[in-house]
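Subject: Model for your files

Hello,

Here is the structure I said I would pass on. My notes on it follow below.

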Amino acid sequence: MGDGSVTPRLGNMKALLGIVAGAGASYGIYKLISGGSLKRIKKGAITESPGVVKSSQLSEGTLKPGSLLAKVSGLEVVCPRPADVASGDITHQSTGNLEPQHLKMLLSCLQTSSNPSDTCQILLTLGNAAAFTVNQNLIREFEGIHIIAGLIADPAAEVRVQTLNTLNNLCMNIQNQEQIKVYVPRVLELIEMSPVNSDLQLSALRLLTNLSVTDNHQHLLKESITLLLSLLVVSKENLQVQALKVLVNVSSNPDMMDDIVQAQAPASVVLLFDARTAPAVLLRLLTFAGNLKAWRPSAQVADELRQKQDCLYRVMLDESSQLHSRLVHLLSHPDGEIQAQVARILT
């Protein structure tokens with residue numbers, strides 16, 4: 001790398017961060033790291049960095065061994081001659097071996113960047129690195145979570161999307177969740193205020209999915225049930241699936257059920273229990289319904305819920321609901337897994 005006394009500047013940020021998106025980790029890994037427990041779905045500040053990457057290090061698709069770009073790209077580096085490879089060469093190393101000083105440098109650049117494109121590249125790099133436990137911990141220790149989360153309100157939509165994606169990877173870590181949870185109200189506001197079916201909504205829901213896998217922070221979503229149910233009836237398949245993942249997670253927790261059944265729900269949500277609904281949506285919808293059906297309120301509680309206009313209990317659980325007849329029709333669905341789910345709910 002370059003001279004260790006040089007402070008990184010925005011002028012060579014693009015050279016520093018010429019990351020290919022394909023090298024990134026999937027944002028859909030639902031695995032909690034660092035000793036955390038995974039809840040199965042029922043029924044189913046910053047110091048100077050040691051150096052910068054110069055533009056001369058990039059040439060015709062060849063990454064210079066030892067460069068920060070080589071470390072964070074996750075790509076194998078082409079070595080022209082064995083003699084050029086110094087000891088400790090990182091030719092075959094991935095983002096999992098990104099050094100602490102490089103994470104500090106990236107976080108420092110993130111705080112000074114004024115160009116949305118550069119900011120997105122930094123966030124993408126940090127998100128890729130956050131696929132590894134060691135980097136998840138280091139970013140937290142460097143106060144990086146708060147630096148990253150500060151961009152949730154960035155004026156550029158693409159920056160907000162990449163911020164949520166990066167937080168999503170960091171959320172795989174139980175200790176990180178303790179810091180990320182304070183931003184749940186802002187994430188929910190983003191979902192509510194963003195255009196329906198937008199990348200912003202999808203990224204926000206992915207983050208909430210990972211944050212709700214265990215019981216620890218599900219209570220933060222008590223006021224969001226109506227929002228999630230409303231998304232089901234107005235959005236496209238990919239967003240429906242993601243909203244249902246959150247609903248399935250929270251409905252797996254008996255302590256959340258009182259809040260769920262009291263939430264206002266659009267009556268049209270029952271219409272989704274239909275053979276024309278996409279199987280990926282219908283399967284999760286049936287899992288959600290199964291979790292609700294497993295809840296057994298007392299007669300007094302049931303009577304009180306019947307008095308609440310448009311609550312989820314009346315829409316899906318009360319005797320007056322259309323759900324039962326619609327489930328009966330789904331027993332003849334061509335998908336065997338859907339048939340099995342329906343049979344479990346009805347028995």
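The buried residues of α9 pack against α7, α8 (174-180), α10 (199-211) and α11 (225-234); packing here rests on contact, meaning heavy atoms within 4.5 Å. Helices are DSSP runs (H or I, at least four residues), numbered from the N terminus.

This is a predicted model, in which local features need pLDDT of at least 70 and side-chain atom pairs count only at pLDDT 80 or more, while totals for chains, interfaces and linings use all residues. Residues are numbered from 1 along each chain as its sequence is written, and side-chain values use heavy atoms, with hydrogens and water left out.

Helix α9 spans residues 184-193, and its buried residues are Val184, Val187, Leu188, Leu190 and Ile191. Seen down the axis, these fall within an arc of 155°, so they line one face of the helix; the arc is that of the directions from the helix axis to the C-beta atoms. Pro185, Glu192 and Met193 are exposed, on the face turned away from the buried side of α9. Buried means under 20% relative accessible area, exposed over 50%, and partly exposed in between (1.4 Å probe, protein chains only).

In helix α7 (residues 157-170) sits Thr166, which is buried at a relative accessible area of 0%. Leaving aside residues up to four places away in sequence, Thr166 touches Leu123, Leu124, Leu126, Gly127 and Ile148.

Glu143, between α5 (133-141) and α6 (144-149), has a positive phi of about 65° and is partly exposed at 42%. Asp310, between α15 (299-306) and α16 (312-317), has a positive phi near 65° and is partly exposed at 38%.

Regards

Definitions and conventions: Helix = DSSP H or I, 4+ residues; strand = E, 2+ residues; numbered from the N terminus.
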